[in-house]
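Please keep the sequence and the structure open side by side while reading.

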Amino acid sequence: MLINDYSEVNSNMIKISILGDIMCEKEILNKKNPESTDFSNLFSQISPVLKDSDYVIGNLESVFAGKSATYTNSMYSFNTPDVFLDQLATLPVNLVTTANNHSLDRGIEGINRTIDQLTKRKIRYTGTRKSKNESPYAIITINGIRIAIFSFTASVNYFDHHFTLTEEDQFRLNLLLPQDFGKDRISKLPKSKLIINRFITKLIGNENLMKIKKTLGRKHNSPYQDNYMPEEFPLIEPYAENVKLLIKQAKKEADLVMFFPHMGGQFNQDPGSISEFYMRFIAESGADVIISNHPHIIQKMEYINEIPCFYSIGNYSMYPDSTYIIKDNKPQIGLITNIYINKTTAQISKISIIPIVMKIQAKQMTISPLFVDKTQNEVVQIIDWISQTLEVDLKLEDNEFTVIKQKTN
């Protein structure tokens, strides 16, 4: 329950900060020697912003499968050098959610080695597992308050690498949908169209095709919604019921449940029917706050049964000029979302956001708070856009924008 009480002193509250999609695309890596990449520009200006946070959580959208598994060299399949995690740990990030569409980019070996590298750096994780004996959710304790943290994904890049976990191995990744969800739609496409698409992709590659279209000023990518067809809903139900059972179990162990679903249509401002269904389902199943990611832009925030639900807080690190980027809905702007929890009541007392901006300077990507290098007029315009996009009103307090109520139209 969100309590609009701003008289509380921050010392009486626990502050948990959540970062959006933490990515490391090939444009960020040193081409000659990826392991020598300097990632400091991605973290140095954000670290001071998090100095008052009691705990920091981020969505880690890459595996760390090692050099032998080949580092990121294409648009949609990621494998990042370990040195990235060294920088991430200094931010500091305390826990990462690891269930997302890139979890299987290097198969089971990628999942396992990523867990090993996170553990080595004392970064906790949830969403993937090496053993069935591990819990499918994490529980953290801050000031005596126990918080269960869930990470689940609705997609696994199946149509890019066609790798699927066997039934025996499905425990390794928390899923909201079948791994090959949507394959029947593709099989219904005209065969001539499929043959042509496969031929062109094989001949020059999907990325090069996008580059050509982009150079010619043509539409190179399309935003989409994550919708399901009525006949597909029975495929969703078993996964939803698993989520419900696990939340019920976690509520016996923890004071609060934070749920991080990885779902949604990319670059589309409007959530689709899958996101709408799961957001309501998770809220009604007992989660206390839900923060989703995957669309790579900011989407609306709403209260469902007084549960704060963010459909997408956008990116933490996405290269602004990546080939597949659609710039219409500002993917270069993301949100650090802060959840304040009353130490006495263990209830959510306040929610605030800190906008961040991704930009390219001297051929390097940098990430900075919104106020850096922006005029007052630019800041006002962006904050107004964020308020309209989230569909909430915002109030500036202590360099953060507090969510004060649902926007009234």
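The model is a predicted one, in which local features need pLDDT of at least 70 and side-chain atom pairs count only at pLDDT 80 or more, while totals for chains, interfaces and linings use all residues. Residues are numbered from 1 along each chain as its sequence is written, and side-chain values use heavy atoms, with hydrogens and water left out.

On one side, strand S12 (residues 333–342) pairs with S13 in the antiparallel sense over 9 bridges, and Ile-333 stands opposite Val-357 of S13. The hairpin of S12 and S13 has 5 residues between the strands, and there Ala-346 takes a positive phi near 60°. S13 is also joined by 6 bridges to strand S14 (residues 364–369), again running antiparallel, with Pro-369 in S14 as the bridge partner of Ile-356. In this second hairpin, which has 2 residues between the strands, Ala-362 has a positive phi near 50°. Burial is counted by relative accessible area, where buried means under 20%, exposed over 50% and partly exposed in between, with a 1.4 Å probe and protein chains only. Because 12 of its 14 residues are buried, S13 is largely enclosed by the rest of the structure.

S13 also takes part in a pocket. On a 1 Å grid over the protein atoms alone, a pocket is an open set of points where a 1.4 Å probe fits, with protein on both sides within 12 Å along at least five of seven lines, and lining residues have an atom within 4 Å of a point. The second largest pocket is lined by 19 residues, of which Lys-15, Val-49, Asp-52, Asp-398 and Glu-400 lie nearest its centre. Strands S1 (13–22), S13 (348–361) and S16 (400–406) are the elements that give two or more residues to this lining, and S1 gives the most, with 3 residues. By kind, the lining residues of the second largest pocket divide into 8 nonpolar, 3 polar and 8 charged, where Ala, Val, Leu, Ile, Met, Phe, Trp, Tyr, Cys and Pro count as nonpolar, Asp, Glu, Lys and Arg as charged, and the others, Gly among them, as polar.

Just after H2, Lys-122 takes a positive phi of about 60°. In helix H9, the buried residues include Val-379, Ile-382, Ile-383, Trp-385 and Ile-386, and H9 is followed by Glu-391, whose phi is positive, near 65°.

Most residues other than glycine have a negative phi, and most peptide bonds are trans. Against that background, Thr-70, in the loop between S2 and H1, has a positive phi of about 65° and is partly exposed, with a relative accessible area of 41%. Lys-330, in the loop between strand S11 (315–317) and S12, has a positive phi of about 55° and counts as partly exposed at 27% relative accessibility. Finally, a cis peptide bond with omega of about 0° joins Leu-91 and Pro-92, and Pro-92 is placed in the loop between H1 and S3.

Methods. Helix = DSSP H or I, 4+ residues; strand = E, 2+ residues; numbered from the N terminus. Pairing = 2+ DSSP bridges.
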